[in-house]
Amino acid sequence: MMFKRLSRPVLLIVGHKSRLGLVCLLGVAALLGTLGVGLMTFEPQTYLSGQASFPVNAPVVDPSIQFQAETVKPNDSGGNYFVNYRLKREQVRQEAKAMLAKLLDSTVEKSKTQAQEKWLELSSEIQQEEEIENLLKIKGFQDAVADVCSEHVTVIVYAANLTPHEVSLIQDIVVRTTNVRLDKITVSAKT
């Protein structure tokens, strides 16, 4: 008799398998997202869309402050590629700044200092990217995007192809702006 009373609630739960499964799945996803398990177990590498051989690495200076790099997959149609690339890059940067802003308000001095250093590093990278992109436009390139990391710079220029002189010009601008070695600069053309 006791089992008959229990069978009814069990049937209600079993009868709603799809809702229960969906709720469980959402709960697990929220738990993993909250804990950030993926951030603590590995350091991801980000590759530019369509250029799997050119990694853009951002080394972790201190494991207590980490960022997850996100692959940017902008629209591939001409000039929209560059607009979408900048929009996505700005979105990722705003998220990083929001995380750092919380750490800047921290009462733990070490976290606050590290957040200040990361904020300055991020601000410097943004300034250098904008300077490279503007100088390339001044030199006659229709459009370009630059990704500056601490030891590597990737530049994508709106062009069908690039002459050796144009590649040299781009590299010269990057070296003057960032002081990165020539072998750490990647230049690509995109139409």
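Reader: Which residues of the largest nonpolar core touch the most other members?

Author: In this core of 15 residues, they are Ile132, Leu136, Val153, Val155, Val157, Ile170 and Val174. The model is predicted: local features need pLDDT of at least 70, side-chain atom pairs count only at pLDDT 80 or more, and totals for chains, interfaces and linings use all residues. Residues are numbered from 1 along each chain as its sequence is written, and side-chain values use heavy atoms, without hydrogens and water.

Reader: What makes a set of residues a nonpolar core?

Author: Its members are buried Ala, Val, Leu, Ile, Met, Phe, Trp, Tyr and Cys residues joined through side-chain atoms within 4.5 Å. Buried means under 20% relative accessible area (exposed is over 50%, partly exposed in between; 1.4 Å probe, protein chains only). Helix α5, strands β3 (144–148) and β4 (153–158), and helix α6 each give two or more residues to this core.

Reader: Why is β3 called mostly covered?

Author: Five of its five residues are buried. Ala144, Ala146 and Val148 point one way, Val145 and Asp147 the other way, and all are buried.

Reader: How do you know that β3 and β4 pair?

Author: Two strands pair if DSSP finds at least two bridges between them. β3 and β4 have five bridges, in the antiparallel sense, so they meet that rule. For example, Val148 stands opposite Val153, and Asp147 has Thr154 as its bridge partner.

Reader: What joins β4 to β5?

Author: Six bridges join β4 to β5 (residues 185–190), and these strands run parallel. Val157 stands opposite Ala189 there.

Reader: How are α5 and α6 packed?

Author: Helix α5 (residues 109–138) and helix α6 (residues 164–178) pack at an angle of about 145°, with axes 10 Å apart. Axes are lines fitted to C-alpha atoms, for helices over the stretch in contact, and angles run from 0 to 180 degrees between N-to-C directions. The contact is made by Gln128, Glu131, Ile132, Leu135 and Leu136 of α5 and Ile170, Ile173, Val174, Thr177 and Thr178 of α6. By class, these are six nonpolar, three polar and one charged residues.

Reader: What does Leu136 touch, leaving aside its neighbours within four places in sequence?

Author: Leu136 is in contact with Phe141, Ala144, Val155, Ile170 and Ile173, where contact means heavy atoms within 4.5 Å.

How values were computed:
Helices (H or I, at least four residues) and strands (E, at least two) are DSSP runs, numbered from the N terminus. Ala, Val, Leu, Ile, Met, Phe, Trp, Tyr, Cys and Pro count as nonpolar, Asp, Glu, Lys and Arg as charged, and the others, Gly among them, as polar.
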